[in-house]
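Please look over the sequence and the structure below before reading the briefing. The points are grouped by topic, so that each place can be found in turn.

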Amino acid sequence: MSQRSLWGSKVGFLLAAIGSAVGLGNIWRFGYMAYENGGGAFLVPYVVALLLAGIPLMILEYTLGHREKAAPPLAFARIDRRWETIGWWMPTIAFFGINLFYAAVIGWCMNYFCFSVNQAWGADTGDFFMNTFLQVSDSPFELGGIRWPILAGTVLTWVISWAICFREVNHGIEKASMIFMPLLVVLTLVLIGWALRLEGAWPAIKEHYLTARWDKINPFTASGSKVWVEAFGQIFFTLSLGFGIMIAYASYLPKKTDIVGNALITSVLNCLYSFLTGFAVFGTIGFMAASKGVPFAEAITSGPGLAFVVYPEAINQLPTGQTIFGMLFFLVLIMAGLSSAISLVEAFCCSLIDKFDFDRKKTVTWVCVLGCLGSVVFTTRAGLWILDIVDHFVNNYGLVTGGIFECLLVGWVLKAAIARKHVDQAGGVKLNKGWEILVKFVTPAILILVIGFALYSEFS
Ligand code: PHE
Ligand code: NA
């Protein structure tokens, strides 16, 4: 077997990992969650979730990948052969459950990037999105044909992912991340700066994003406890945990590595990106609400509605620079999305390559062809329906089960103490015993609670 390739530099690895973590969710989900769940007060459950579950699990995934030098299936099998199936679960869910629709959504962003040129979405952006662009069918069972512009963007996304993952990580993903990530940061800062100067931006940011509504996060009320559970769910999703991605990325780290330091940097920068981007979102929506004279609560939303309906509406209201503002915004989404999409492709391909000793080029080619074919269902008129259903299950159950299993595997089968020793030997920041307790008891217990809560809300 040929020598396993390694990241060319620490920065390269970090940018790739942050690239996976920083995705569409940071932009269109975090701010709205904060808004709904206590504004500034939401930072408390969010940071607690980051400390109690996000960072410990990030360290765990890095340790697993680094120690076993393999993606989940082989890494799990090396610890205990009976666990291999579970090792397949994570990257498979990531690929079929997220990657396929993520590619289609990036395809939407590419279309909207072009629409920005002349605000092709017109005055009624909601009607345009649903009826002209997506032409959403009446039910998830009515596919109703392919939307060709969406298919074109989706295929382009797969071609780009293929071209990047085709090469060894240090040439492909690392080089791409070294370009995408600095650019993403600069463009995001421009968007934030622009938004802050719009009329009505600051009052909206202060009132709806930053003002703490403490009563909302009281864990002893029904709605307050839900906020805590959602904060934990969001932390896993935002850090790309539970899919085996960080395991695969860490498997290419050199022997001497600061595992804890890297985990801290990745996690903290991802969350900081979300927090800062919130200023752009709330500033822009605040401006739009003020200039149209509608209440903020009616203007704000999360997910695709925010990016494809509300943002275009805000752009329509801009006094100047509509074209540039729109192109900037959708370019930010495209880059944040692509750097996450390639991590999904890599986790799945790396799993196959490690386990079966396949050739990288052939594997990536086949996987991308398969992925592209699978994505077609999300480019039909039922795409939005199916996306909602898949997203719901993957988000609420898929990644959390992955997280529980890795805690059990590392905490109990391998033994947390052995994992901790490995971290110490790799060098850098040392772990203390508290991490063992988190990984063995606290994090899995919280994750089980999150699943329990999701199941409960499903049937109530
Ligand atoms: N972390 C990404 C986000 O916040 C989503 C993602 C999850 C991407 C898992 C890849 C894998 O949007
Ligand atoms: Na994220």
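In this predicted model, 16 residues lie around ligand 1, and those that come nearest are G23, G25, T238, S240 and S340. The shell around ligand 1 draws at least two residues from each of several helices, namely α1 (10-21), α2 (24-28), α6 (84-115), α11 (222-238) and α16 (322-356).

**The shell around ligand 1**

- A419 has its place in helix α18, which covers residues 383-426.
- A419 counts as buried because 24 other C-beta atoms lie within 10 Å, where 20 or more are needed for that label.
- Once its neighbours within four places in sequence are left aside, A419 is in contact with T63, V410 and L414.
- Between A419 and G87 there are 332 residues in sequence, counted as their separation, and 18 Å in space from C-alpha to C-alpha.

**The packing of α10 and α13**
- Two packed helices are described by the angle between their axes together with the distance between those axes.
- For helix α10 (residues 201-210) and helix α13 (residues 259-292), the axes come within 7 Å and cross at roughly 115°, and the crossing in which α10 passes α13 is right-handed.
- On the side of α10, the residues A201, P203, A204, I205, H208 and Y209 take part, and they meet G278, F279, F282, G283, I285, G286, F287 and A289 in α13.
- The residues of this contact divide into ten nonpolar and four polar, with no charged residue.

Key: Residues numbered from 1 in each chain as written. Chains lettered and ligands numbered in written order. Predicted model: local features only at pLDDT ≥ 70, side-chain atom pairs only at ≥ 80, totals over all residues. Near = placed C-beta within 6 Å. Helix = DSSP H or I, 4+ residues; strand = E, 2+ residues; numbered from the N terminus. Buried ≥ 20, exposed ≤ 12 C-beta atoms within 10 Å, placed from the backbone. Contact = placed C-beta atoms within 7 Å. Axes fitted to C-alpha atoms, helices over the stretch in contact; angles between N-to-C directions. Left-handed = near helix turned anticlockwise from the far one by under 90°. Nonpolar A, V, L, I, M, F, W, Y, C, P; charged D, E, K, R; others polar.
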